[in-house]
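Q: I am new to this entry and would like to learn how its features are read. Could we go through a few of them together, with the structure in view?

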Amino acid sequence: MQGPLSRSIAALLPQWVAEQRWYAGKGRVPLLSRIGGLRLEDPAGEADIDIHLLLDESGSTPTIYQVPLTYRGAWLDGASRALIATVEHGTLGTRYIYDAPHDPVFATALLRLMLDEAQAVSDGPQGSGEARGHRAATSKADPGPVLASRVLSGEQSNTSIILDLADSLGDPSTPLIIKLFRVLHHGENPDVVVQSALAAAGSTRVPHPMGNVSGQWPDASVPDGVARGHLAFAQEFLPGVDDAWRVALAAVASGVDFSEQARSLGWATAEVHATLAQTMRTRPATDDDVVALTLSMLARQAAAVAEVPTLAAYDSAVSASIESLSSATWPALQRIHGDYHLGQVLDVPDRGWVLLDFEGEPLRPLAERTRPALALRDVAGMLRSFDYAAGSWEQEHPGRSAASWATRARTAFLDGYAQCAGHDPREDGALLDALELDKALYEVVYEARNRPTWLGIPTTAIARLSAGPRSDLRL
C-alpha cells in the first residue's frame, strides 16, 4: 500500500476482503500486496476515488482483485454497511473509507469513463495500472445523468451496480447496470465480447450494451509481465421482470404445464447460437478437443465419486458415456453461453426471452471460458435446470413428484431448439448424454459440499442417464 493513508488501512483490508462474497479463497485469510491502482475523478470534489489492484498470494494460485474505494471527509448517508474504516489523515483529518460500488460518485465516474471514452490515470509509478473507457458501438445517445445508484445483492464473483438515470426532461429513464469484475484475468472477458457481438449483429436476445472499461496491470504470470483485460461492463437493466427460474418454479408449484414457455426458450437458445456461429465463426473439432473434454469429464467423475462413494455403482455406464465421445460425430465448435440455466434468462414483456451473463463458469480459467465449445453444452445445462426446478419443489413437498413436469419441459425445450436450428440435438444423443452427465457430476460435488439434502436431484439424473439411451425425451 502507498502513502500514509494507504498504510493505515492496509491492516484492515485482508479481513474485510475475506468477508466479501466475491472473495475466491473462502476459508483463508488473504495475503495481500498492492501491485497497482487507478484514480478516477469526481468533478464535484465530494470524494477521492482510488481503484486498488491487490495481489492475493494466500492460495496455491495467486489471484488479482479489483478493490475500488472512495475517501470522504463526511459521512455518506445510507451507506453504513459499505463503510470499511474511519481513519485520521495527518493533513485531511477524519476520512471515511467506503466500498466504492456503494457510492454514487464512483458509479457516475465509472459510467462517464465509458461514455467519454476517457483514460483513467495510474495513482502510482508508470506501469502500475492503466484503464480506458469504451462506448458500445450500438450506443449512440447519452443515457442522461445519474439520479441514484445501488448495489445488486446476492452476487458471488462480481459486483453489479444499478444506475437510475434521467432523460433530457429530468424524468426517470431506462436504468443501466454496471458489472464490476472483482477477480481480474488476462484476456478479454466473454461477457463483454459475446454480448457485444450479439448486440452488434442486431440480436434482441441480450441487454443492450452501453460500454466497458479495459485496462492493464502488472502480472508476473504473463509473459511480458503486463496483463490486459476488462475491468467493468455497462448494459441495459431490465427491472421488474422475472427470470425463467422464478417463472418455472411458479409453474411447478401451481401444477401449470411449462411446455409452451420451454419451447420458446429452446427457440431463443438456438437463435442465439446461430447468431454467435455467424458473427464469431466456428471451427471443426480436433482430436485435441476430444482428448481435453474426455480428460475433464474423467476428472469430474473421479471428484464426484470421491464425494459420494455410492456413485461408483454407475462407474461403468459413466465411463462408457465418456468413451463414446471419441467415436461420436462432433458438430463444429463455436462461442456459447457457458453457464446456461433458467436463472440466466429473463422473461421480458413484448420482447420474449433475454439471455444474461455470458461470462461462463467464473471459477474456470479464462482461457477455457473463451475457447470455442459444443453448443450442446448449453443445451445440457438447460436440461439440468428443468430437473432442478422440479427437484427444488420436491424438496419442499416430500413424497410428491414433479418428474413428469420436468420431462414435458425438457422435451418441449428440445423441440423448440430443433425447430429453430433445423437440427435436433437428440440426434447427437451420445454427446448430449455425456455433457448432461458431466453437469450432473459437477452438481453432485456442489451439493455434497453445500446442500447434502439436495443430492437426490443430480444422483437421480445420473441413474437415469446411466440406464441407457434417453427414453424420456422423444425425437
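Q: In which hand, left-handed or right-handed, does α7 pass α8?
A: This is a predicted model, and in it α7 passes α8 in a right-handed crossing. The contact is made by T294, M297, L298, Q301 and V305 on the side of α7, and by D315, V318, S319 and I322 on the side of α8.

Q: At roughly what angle do the axes of α7 and α8 cross?
A: Angles over 145 degrees count as roughly antiparallel. Helix α7 spans residues 287–307 and helix α8 spans residues 315–323, and their axes, which come within 10 Å, cross at roughly 165°; α7 and α8 are therefore roughly antiparallel to each other.

Q: Why does E117 count as partly exposed?
A: A residue is buried under 20% relative accessible area and exposed over 50%, with partly exposed in between. The relative accessibility of E117 is 42%, so E117 counts as partly exposed.

Q: What is the phi of R281, and is R281 buried or exposed?
A: R281, which is not a glycine, has a positive phi of about 70°, and its place is in the loop between α6 (259–280) and β14 (282–283). With a relative accessible area of 68%, R281 is exposed.

Notes. Residues numbered from 1 in each chain as written. Predicted model: local features only at pLDDT ≥ 70, side-chain atom pairs only at ≥ 80, totals over all residues. Heavy atoms only, no water. Axes fitted to C-alpha atoms, helices over the stretch in contact; angles between N-to-C directions. Helix = DSSP H or I, 4+ residues; strand = E, 2+ residues; numbered from the N terminus. Parallel < 35°, antiparallel > 145°, perpendicular 65-115°, else oblique. Left-handed = near helix turned anticlockwise from the far one by under 90°. Contact = heavy atoms within 4.5 Å. Buried < 20%, exposed > 50% of the residue type's maximum accessible area, 1.4 Å probe, protein only.
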